[in-house]
Amino acid sequence: MIQPKSVENTGAEHDRVYRALRTRIMHGEVPPGTALTLRGIGKDFNVSMTPAREAVRRLAAEGALSMSSSGRVSTPELSNERIEELATLRALLEPELASRALPRAHFALIERLEAINQAVSQMIARHDATGYIRMNLDFHRTLYLRAQAPAMLAMTETVWLQLGPTMRALYGRLNRTEPPATHRLIIAALRAGDEPGLRLAVRTDTTKGLRLLKG
């Protein structure tokens, strides 16, 4: 006789699916407007409908997925107004996180950021859009973790999550050949202990590209 899965196991499966799907969306692996089904998600992650449904509900609550009145689930296609709103949130949250991280920006952190920026260059050379997004976010997250402001960082990651599919579309328009120049400015400001310069570099980095998606 097959025993039913325990509540604990179902919860662990839901969390696994949620985290994996969340990462895919944040890194732009799922294009805007992509329809998802619970059956397809269950098959991808080898789980039943229940953990798939709970993961989708959780991601929809974070704005990573859209659910229509008919129950259709898809990654959102952002309007210009929504892009502007999310860019404004990044411009408010991320300079503050960088500023709070500055007193703890020791040499080892700056070296780590330089290494990540080299990885960004490698992803660009490979024309790896999702790899570029992943390493770019890793650059920012590595710095912001030093802010020791977990609530603010969680809010920032929710914004990144909502922008993930749209950032994939942005990558195609940028046609990058090297990492953003603003990354070098961020690192230089950290070395100099220049808080106004750091705030400006982060603000510019978080909003410059998104403007290309409007219109």
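His127 sits in the loop between α5 and α6; helices here are DSSP runs (H or I, at least four residues), numbered from the N terminus. This is a predicted model: local features need pLDDT of at least 70, side-chain atom pairs pLDDT 80 or more, while totals for chains, interfaces and linings use all residues. Residues are numbered from 1 along each chain, and side-chain values use heavy atoms, without hydrogens and water.

Back to His127. Its phi is positive, about 55°, though it is not a glycine. Most residues other than glycine have a negative phi. His127 is exposed, at 65% relative accessibility (exposed is over 50%, 1.4 Å probe, protein chains only).

Next, Gln148, in the loop between α6 and α7. Its phi is also positive, near 55°. Gln148 is exposed, with a relative accessible area of 56%.

Now the helix pair. α5 (residues 107-125) and α8 (residues 181-192) pack at about 170°, axes 10 Å apart. So α5 runs roughly antiparallel to α8 (an angle over 145 degrees). Axes are lines fitted to C-alpha atoms over the stretch in contact, and angles run from 0 to 180 degrees between N-to-C directions. On the α5 side, the contact includes Phe107 and Ile110; on the α8 side, Ile187 and Leu190. Contact means heavy atoms within 4.5 Å.

Last, the inside. How much space lies in the largest cavity? About 80 Å³, as filled by probe spheres set on grid points joined across faces, edges and corners. A cavity is a set of points on a 1 Å grid over the protein atoms alone where a 1.4 Å probe fits but cannot get out. α6 (129-144) and α7 (150-174) each supply at least two lining residues, meaning residues with an atom within 4 Å of a point.

Notes. Angles under 35 degrees count as roughly parallel, over 145 as roughly antiparallel, 65 to 115 as roughly perpendicular and the rest as oblique. On a 1 Å grid over the protein atoms alone, a cavity is a set of points where a 1.4 Å probe fits but cannot get out, and a pocket is an open set with protein on both sides within 12 Å along at least five of seven lines; lining residues have an atom within 4 Å of a point. Buried means under 20% relative accessible area, exposed over 50%, partly exposed in between (1.4 Å probe, protein chains only).
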